[in-house]
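Work through the exercises below with the structure in view. Each task is followed by a solution in steps.

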Amino acid sequence: MLTKVIPASCLALWISSCAIALAQDPNMTRALQLMSETPLIDGHNDLPWQLRKQFNNELNKVDLHTLSTTHTNIPKIKQGRLGAQFWSAYVPCDTQYKDAVRQTLEQIDVVHRMCQKYPETFMFATSSQEIKHAFSMNKTASLIGVEGGHSLDSSLGTLRTMYHLGVRYLTITHSCNTPWADNWLVDTGSEPSQHNGLSPFGKQLIVEMNRLGMLIDLAHVTEKVMNQVLDMSKAPVIFSHSSAYSVCPHKRNVPDDVLVRVNQTKGIVMVNFYNDYVTCSRTATLSDVADHFDHIKKVGGAGIIGFGGDYDGVTRLPVGLEDVSKVPNLVAELLRRGWTDEEVKAALGNNLLRVMEEVERVRKKKKRENHGTMTGMPDDVPIPYDEVKNPCRTSVGYPDAGAIHSLSTVALLLALALQACISSAVY
Ligand SMILES: *[C@@H]1O[C@H](CO)[C@@H](O)[C@H](O)[C@H]1NC(C)=O
Ligand SMILES: *[C@@H]1O[C@H](CO)[C@@H](O)[C@H](O)[C@H]1NC(C)=O
Ligand SMILES: *[C@@H]1O[C@H](CO)[C@@H](O)[C@H](O)[C@H]1NC(C)=O
Ligand SMILES: [Zn+2]
């Protein structure tokens, strides 16, 4: 037998080196220490979409302790030290002009029900304060982001209602144009630009999101929209799951000039782990993802970086980052690459907390400034009817939608004035 020819001293050496490996490398120990002090806040996870696809949202048929067909389950969440998650309320673009709003409400509902079913793991959260509170209770703070403006059916009332249901970010588009914003596919030439970025209604929506205190997510939009929003938003923006264009020139990624503007406006880019956005090929490694972190840090500073894994929304993930349990490996890799404790903690969660606190501050400031005046009221001017006309939408509420829609505001006022004259003559 082999052991008979191995001297005892060699065996002892083998056992002790094995023990050192088991005690893990110091950078992993440090990573876990930092993750116990600062919550890992991930910007985008599509588990709710998997719940619809695999179970039609029948949570009674799911056990998140043992579910093995997803990147995310409770043991993996615990192992991955997931401090807070923006769960994605995503519905596909082919629901636009059909049942997108209902399906989105059902995705919001399934996140609420998931938190109710597993209260020892999840704590629903809607603010920076609640994220910190959930973390202090050793629970995964659970927030909701709606992925794509098609989920609103071009309605500010729907946006506000979703805020009331706990939604805290809206991705302005998914991979389709809405009646008021262009998506990233416009930059690839595979879809036409319809609005040259944002339409006037799209700009109303940005103002309303600032007023509400809803995070504006620029993942998936055309570059033109990125810049228009950076020009006009009163609060910092997020990219909930996007990587660096200079490292992998995919149009879903963020170009350097935009990274610089995100730095100037104190926003955040949460790095996507999808192989196709990491290496622009079907394969990738954890080290390739770390390259995106290094690049964004070089261009915009460690203050604008976050994690946005896109788990359960993608089909190919890097070797070493196969599911949510693996994220500490990436944190250790950043330490290995010389990131300081403060830089790592910034990327883990402090940057997102800063952005969210600022968005909350803008909300409060708008409320205070506008107390007793009309300027801080919800925007109730609807999108013009001819911009949303489609066979699945009625014109209820739009007076004489067929005739008035083409008149300018001045003409409309004149018409109203004329009508007032006629009425006073009659009565
Ligand atoms: C959270 O976990 C830590 C470490 O395991 C423990 O020291 C602490 O008491 C726990 N806090 C709560 C509120 O359970
Ligand atoms: C932006 O970059 C400057 C200069 O490199 C840096 O001092 C600052 O901290 C950065 N801002 C953020 C939010 O990281
Ligand atoms: C840990 O990271 C440091 C750099 O911060 C590096 O010098 C060291 O070699 C790493 N240790 C291991 C065991 O990888
Ligand atoms: Zn996405």
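The exercises cover a metal site, a ligand shell and a pocket. This is a predicted model, in which local features need pLDDT of at least 70 and side-chain atom pairs count only at pLDDT 80 or more, while totals for chains, interfaces and linings use all residues. Residues are numbered from 1 along each chain, ligands are numbered from 1 in the order written, and side-chain values use heavy atoms, without hydrogens and water.

**Exercise 1.** Find the residues that coordinate the zinc ion (ligand 4).

*Solution.*
1. Donors are N, O and S atoms within 2.8 Å of the metal (3.2 Å for Na, K and Ca); water is not among the atoms, so sites may look incomplete.
2. Glu-147 (OE), His-220 (NE2) and His-241 (NE2) coordinate the zinc ion at 2.0 to 2.2 Å.
3. Their spacing in sequence is E-x72-H-x20-H.
4. Glu-147 is in strand E4 (residues 140–147) and His-241 in the loop between strand E7 (238–239) and helix H12 (256–264), so this pair ties together parts 94 residues apart in sequence. Helices (H or I, at least four residues) and strands (E, at least two) are DSSP runs, numbered from the N terminus.

**Exercise 2.** Describe the surroundings of ligand 2.

*Solution.*
1. Asn-263, Gly-300, Gly-303 and Ile-304 surround ligand 2, each with a heavy atom within 4 Å.
2. A polar side-chain atom of Asn-263 is 2.4 Å from an oxygen atom of ligand 2.
3. Of the 360 Å² of accessible area that ligand 2 has on its own, the protein covers 42% (Shrake-Rupley method, 1.4 Å probe).

**Exercise 3.** Identify the residues nearest the centre of the second largest pocket.

*Solution.*
1. A pocket is an open set of points on a 1 Å grid over the protein atoms alone, where a 1.4 Å probe fits, with protein on both sides within 12 Å along at least five of seven lines; lining residues have an atom within 4 Å of a point.
2. The lining has 23 residues, and Asp-46, His-174, Asp-310, Gly-313 and Val-314 lie nearest the centre.
3. Helix H4 (residues 47–55) gives the largest share of this lining, three residues.

How values were computed: Polar contact = N/O pair within 3.5 Å; in protein donor to acceptor, adjacent residues only side chain to side chain.
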